[in-house]
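Trainee: I have a structure open and would like to go through a few residues. Can we start with what counts as a contact?

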Amino acid sequence: MKRILFLTLLLIFTIKSFSQDSKFSLELNYPVPIDENFVGKNYSGIIDLGAKFRFAELNPLNLGASLNGGILINDSRPNNEFQDFKITAYLIQPRIFAELDIESIKSFHPSVGLGYTFIIFDAKGTQNGFDISGGSQTQSGLNINLGIAYDINDKLFAQVQYDFIKISLESEIPDIKYNTNVNILKIGLGYRL
């Protein structure tokens, strides 16, 4: 793990040293699951980390790719002795995005993104006397992202994002909005490298 972190930091600083105007940014967000669905009702946000790369500047539009990784947790403990478990949801969200860079509203940058989300549910603990540790299940689906960033200075920005995720279900799970629609609000800070 230390090697991966070291190599990542080395890559970021190496890219920065060869670039006059870097197109990279890193983000730290707090995810808040919202709405009446299985994630919004049962999970709390822990953290969301992101990286963006702008690969095309088409005045006034910037196009790019981003990758976010988030953690949500469900540690609601039922009031009986037969169930004592915690489920952690890991979100992986690759996407492409378009960001407006309008001269008249220089400090604000609205954006829209389209991608795919993988949610890995990892269960730990006991349920009805059986150990369910290590049991994981992955759900995935289309992701639409809307956001707005506000420049605090040349490097630092604050942002608010909304993710709508439409999960594709297996045949045994009822295909209703409660099971398929996930809504997450993200509030955070970003840093342009």
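Mentor: Contact here means heavy atoms within 4.5 Å. Keep in mind that this is a predicted model.

Trainee: Fine. Which residues is Leu-156 in contact with, leaving aside its neighbours within four places in sequence?

Mentor: Asp-151, Gly-190, Tyr-191 and Arg-192.

Trainee: Where is Leu-156 placed?

Mentor: Leu-156 belongs to strand β8, which covers residues 156–168.

Trainee: Is Leu-156 buried, exposed or partly exposed?

Mentor: Partly exposed, because its relative accessible area is 29% and that class lies between the 20% limit for buried and the 50% limit for exposed.

Trainee: And how far apart are Leu-156 and Glu-27?

Mentor: In space, 9.8 Å from C-alpha to C-alpha; in sequence, 129 residues.

Trainee: Changing topic. Which residues form the nonpolar patch on the surface?

Mentor: The patch is formed by Ile-105, Phe-108, Ile-148, Tyr-150, Ile-152, Val-160, Ile-187 and Leu-189. Together they have about 680 Å² of accessible area. The elements giving two or more residues to the patch are β7 (135–151) and β9 (181–192).

Trainee: Where is Ile-152 found, then?

Mentor: Ile-152 sits in the loop between β7 and β8. With a relative accessible area of 47%, Ile-152 is partly exposed.

Trainee: On to the rings. How many aromatic pairs are there?

Mentor: The count comes to five. One of them is Phe-38 with Phe-121: the ring centres are 6.0 Å apart and the planes are at 50 degrees, so the pair is tilted. Phe-38 is in helix α2 (residues 38–42) and Phe-121 in strand β5 (residues 108–127), so this pair links distant parts of the chain, 83 residues apart.

Trainee: Which cluster do ring pairs link Phe-121 into?

Mentor: A cluster of Phe-38, Tyr-43 and Phe-121. Tyr-43 and Phe-121 form a tilted pair, with 6.0 Å centre to centre and 55 degrees between the planes. Tyr-43 is in the loop between α2 and β2, 78 residues from Phe-121.

Trainee: Last one: why does Arg-54 count as buried?

Mentor: Because its relative accessibility is 10%, and buried means under 20%. Arg-54 lies in strand β2 (residues 44–58).

Trainee: What does the side chain of Arg-54 join by a polar contact?

Mentor: The side chain of Ser-25, at 3.5 Å. Beyond four places in sequence, Arg-54 touches residues including Ser-25, Asn-62, Phe-97 and Glu-99.

Methods
Residues numbered from 1 in each chain as written. Predicted model: local features only at pLDDT ≥ 70, side-chain atom pairs only at ≥ 80, totals over all residues. Heavy atoms only, no water. Helix = DSSP H or I, 4+ residues; strand = E, 2+ residues; numbered from the N terminus. Buried < 20%, exposed > 50% of the residue type's maximum accessible area, 1.4 Å probe, protein only. Polar contact = N/O pair within 3.5 Å; in protein donor to acceptor, adjacent residues only side chain to side chain. Patch = residues over 30% accessible without salt bridge, like charges linked within 9 Å, V, L, I, M, F, W, Y side chains within 5 Å. Areas by Shrake-Rupley, 256 points an atom, 1.4 Å probe, with all protein chains shown as cover. Salt bridge = Lys/Arg side-chain N within 4 Å of Asp/Glu carboxyl O. Phe/Tyr/Trp six-rings, centres within 6.5 Å; stacked < 30°, edge-to-face > 60°.
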